[in-house]
Amino acid sequence: KLETFQLKQVVNCIEYVLTSAVRFNVDEKTLGDEMTMIGLPKESADQLSKAYATSKDKMHSVLAAQSLRMPTATDFEWRVDYVLDSSSLAEPGQPVVALRMQQTDGDSREPLAFEMSVEKFRVLYHELKTARDMMGELDTF
């Protein structure tokens, strides 16, 4: 008979194995084989594999919802202003790019607005384009 702490360890171990199997898209047969290799009786491994196969898509959805999410930016609006004179600009007479967007983090939405020089906008645009290209390369793996 298992003690309570031993039973908790077994459940945590099985949870870890199943979570990893979903995360790495392991098929039912491979999971069963791996479970028997670590010492689980074949009958138990087969039952666990069958339950995994029937619930794999649902577990994947739950894990995806619980994974780390970064805030997203939506509803972009921009304009270019040509300021003739201002006490806040070092060099009046230069164009200024104004950006406005919504930042969404879970259920909360927060407006975000800022202004920058055309030169800073070009740098931002170039950096964002480079980051997008790098993320696109990661999708191919």
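**Close-up views of a predicted model**

**View 1. Leucine 7 and its nonpolar surface patch.** With a relative accessibility of 47%, leucine 7 counts as partly exposed (buried is under 20% relative accessible area, exposed is over 50%, and partly exposed lies in between, with a 1.4 Å probe and protein chains only). The model is predicted, so local features need pLDDT of at least 70 and side-chain atom pairs count only at pLDDT 80 or more, while totals for chains, interfaces and linings use all residues. Residues are numbered from 1 along each chain as its sequence is written, and side-chain values use heavy atoms, with hydrogens and water left out. Leucine 7 sits in helix α1, residues 4-23 (helices are DSSP runs of H or I with at least four residues, strands are runs of E with at least two, and both are numbered from the N terminus). Together with Leu2, Val10 and Val11, Leu7 makes a nonpolar patch on the surface, and the accessible area of these residues is about 350 Å². Patch members have over 30% relative accessible area and no salt bridge; like charges are joined within 9 Å, and nonpolar side chains (Val, Leu, Ile, Met, Phe, Trp, Tyr) within 5 Å. Areas are from the Shrake-Rupley method with a 1.4 Å probe, and for residues only the protein chains shown count as cover.

**View 2. The largest nonpolar core.** Nine residues make up this core: Val17, Leu18, Ala21, Val22, Leu31, Met35, Ala45, Leu48 and Tyr52. Two or more residues each come from α1, α2 (28-37) and α3 (42-66). Helix α1 gives the largest share, four residues. A core of this kind is a set of buried Ala, Val, Leu, Ile, Met, Phe, Trp, Tyr and Cys residues joined through side-chain atoms within 4.5 Å. Leucine 18 touches Leu31, Leu48 and Tyr52, if residues up to four places away in sequence are not counted (contact means heavy atoms within 4.5 Å).

**View 3. The salt bridge of lysine 42 and aspartate 46.** The whole structure holds seven salt bridges, each defined as a side-chain nitrogen of Lys or Arg within 4 Å of a carboxyl oxygen of Asp or Glu. In this one, the side chains of lysine 42 and aspartate 46 meet at 3.4 Å, N to O. Both residues lie in helix α3, four residues apart, which is about one turn of the helix. Aspartate 46 has a relative accessible area of 30% and is therefore partly exposed.

**View 4. Salt bridges at glutamate 77 and at arginine 79.** Glutamate 77 and arginine 100 meet through their side chains at 3.0 Å, N to O. The pair links distant parts of the chain, 23 residues apart: glutamate 77 is in strand β1 (residues 72-82) and arginine 100 is in strand β2. Glutamate 77 is partly exposed, at 43%, and arginine 100 is partly exposed, at 45% relative accessibility. Another salt bridge joins the side chains of arginine 79 and aspartate 81, at 3.1 Å, N to O. Arginine 79 is partly exposed at 42%, as is aspartate 81 at 23%.

**View 5. Proline 95 and threonine 104 in strand β2.** Strand β2 covers residues 95-105 and includes threonine 104. Proline 95 has 30% relative accessibility and counts as partly exposed. Residues up to four places away in sequence aside, proline 95 touches Val80, Asp81, Tyr82, Ser117 and Val118. From proline 95 to glutamate 34 there are 61 residues in sequence and 63 Å in space, C-alpha to C-alpha. Threonine 104, at 18% relative accessibility, is buried. The contacts of threonine 104, apart from neighbours within four places in sequence, are Pro71, Thr72, Thr74 and Arg109.

View 6. One aromatic pair is found in the structure. The ring centres of phenylalanine 121 and tyrosine 125 are 6.4 Å apart and the planes are at 25°, so the pair is stacked. Rings of Phe, Tyr and Trp (its six-membered ring) pair if their centres lie within 6.5 Å; planes under 30 degrees apart count as stacked, over 60 as edge-to-face and the rest as tilted. Phenylalanine 121 counts as partly exposed, with 28% relative accessibility.
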